[in-house]
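Hi,

Here is the structure I promised to pass on.

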Amino acid sequence: MSFWQDPIAVIGQLILDLLHSLNLPEGWIVFIYTLISVVAVASFGLLLVIFLIWLERKVAARFQDRVGPNRAGPFGLLQTFADMVKLVTKEDVVPEKADKLIFNLAPILSLIAVLLIWAVVPFAPGWIGTDLNVGVLYIAAVGSFGILSVLMAGWSSNNKYALLGAFRAVAQLISYEVPMLLTMMIPVLLARGMGMVQMVTVQDTWFIFLAPAAGIIFLVSSIAEIGRTPFDLLEAESELVAGYHTEYTGMKFGMFFAAEFLHAFTVGVLFAILFLGGWRGPGAEEIPILGMFYLMIKGFLGYFVVMWVRSTLPRIRIDHMMAFNWKFLTPVALALLILTALLDKIFAGTALRLPALLGANLVVLALGYWISTLMSRRQAKERTKFKKRPVAKPA
Amino acid sequence: MQNTWIFVGIFAAIAGVFPLLPIVAARFLAPSKPNTIKLDTYECGMETVGDTWVQFKVQYYIYALVFLIFDLEVAFLFPWAVAFDMLPLFAVVEGIIFILILGGGLLYAWRKGALEWS
């Protein structure tokens, strides 16, 4: 195995040999080795943020027919570093009436929640922080910390806009977590396991072909989960100033900011792992660095869709958003789960598995769309039916 | 087996240290000139009226209740999905009936108007 094919394995072996040559007890070697790999994975996540912020600004600028950051460094690549220096040297204002402890804890927790997901992301064959056998459940559990940090931030600020934003955020995030969890279960069902490595290795046919409707619902509810436009009700600036982080300044605001960007990309990577086959691609098994390349390409594809949606659609109203979740996404996700379970049991191991599941998905999606348009039409009719129209009266 | 969770434990600790570093750095680098107006609650320049932590619209809690039902459902269904190969068709149908009962619960909440935002 040469360095250029699998740098992580080579470096890992080097570090292990070095630790063994120091004659440390076995427990310490395991501990230090784990510590080094943890720091490597976590700093990869954080370094990614710097690049992501630049990329998002560039892409958003192109969507709006602008150039984007182009002064600091080549193509404005150093812009984010300049912003970081600025944020560090900004005064950190903690409002007098705030609940200090919770106020200071919230931004840290928001970044922890996102970083923890990266512990189980399989980058390439053999490149994974740790292959938990409950990987998907772990991601669902850790992701909930983000909601907690939003509520902590909004509540402790002692500011009406922040509290209102936090309440809205929690209502939105927990609501959209339901279809997200339900559609995350469909890959688990198809893979017969929750481990992230297993999830990737069983995807000889990508799950997006077995469950396209589930993939779309997962992506939509994930966009709501990261609070991006069109679902950015939690920080709607025209109504709520900045939502839950109104009172935050300097680096503490920077933590929320970094967490949001990293979460957006994490959603792209999760979509790639659950539905697009993770690091699978030609030659990825032999040359792990290629697998990493494939995963990043797929992850950026998902991230690009998120950015695309963000710069295309306007914000939707909160009652519409809740209705869309509870009256469309959740029932469709439930129906999909039932159909997938039934069809996968009946057609397991036969050639009909792929067409049956694909057809069922498309039928459910079409039916759901048809029923929802029918209902919204009926609602619109009822709204206008009994309404008294203003009539000009003679004076 | 045990090792995988050691990793998660260390990861959680390190993930806590990483966001702490820039915040601590900012404490040393950033100026600190507090005054009464700056430390006041920022509500678009208006003076704050009354208490912030008041009773809130009940609708939020109803959503939370409905969420709780489905979150628990998912927790029960994950083992069912993992052991899918070992299940006979009967157990699969049983799982589906379980989902359908919860779907009925969603329908009930819907008819009761618990899902209306108004």
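Helix α13 of chain A (residues 318-346) has 29 residues, and its first and last C-alpha atoms are 41 Å apart, close to the 42 Å expected at 1.5 Å a residue. The expected span here is 1.5 Å times one less than the number of residues. Helices are DSSP runs of H or I with at least four residues, strands are runs of E with at least two, and both are numbered from the N terminus. There is also a kink of about 30° in α13(A), centred on A:Asn325; the bend at a residue is the angle between axes fitted to the seven residues ending there and the seven starting there.

Before you go further: this is a predicted model, where local features need pLDDT of at least 70 and side-chain atom pairs count only at pLDDT 80 or more, while totals for chains, interfaces and linings use all residues. Residues are numbered from 1 along each chain as its sequence is written, with chains lettered from A and ligands numbered from 1 in the order in which they are written.

Back to α13(A), which packs with α6(A) at an angle of about 15°, the axes being 9 Å apart. (Axes are lines fitted to C-alpha atoms, for helices over the stretch in contact, and angles run from 0 to 180 degrees between N-to-C directions.) The two are therefore roughly parallel; that label covers angles under 35 degrees, with over 145 roughly antiparallel, 65 to 115 roughly perpendicular and the rest oblique. α6(A) passes α13(A) in a left-handed crossing, meaning the near helix is turned anticlockwise from the far one by less than a right angle, and clockwise would be right-handed. The residues of this contact divide into 18 nonpolar, 6 polar and 2 charged. For the classes, Ala, Val, Leu, Ile, Met, Phe, Trp, Tyr, Cys and Pro count as nonpolar, Asp, Glu, Lys and Arg as charged, and the others, Gly among them, as polar.

Two other helix pairs in chain A:

- α11 (residues 250-275) and α12 (residues 288-312) of chain A pack at about 120°, with axes 7 Å apart, which makes α11(A) oblique to α12(A). The crossing is right-handed, and the contact has 11 nonpolar, 3 polar and 1 charged residues.
- α9 (residues 212-225) and α14 (residues 353-385) of chain A have axes that come within 7 Å and cross at roughly 50°, so α9(A) is oblique to α14(A). Their contact holds 7 nonpolar residues, 1 polar and no charged.

As for the chains, 67 residues of chain A are in contact with 55 of chain B, contact being C-beta atoms, placed from the backbone, within 7 Å. On the chain A side, the elements giving two or more residues are α2 (26-63), α4 (100-117), α6 (160-191), α11 and α13. The largest share, 14 residues, comes from α6(A). By class, that side has 41 nonpolar, 12 polar and 14 charged residues.

Cheers

Note on methods
Contact = placed C-beta atoms within 7 Å.
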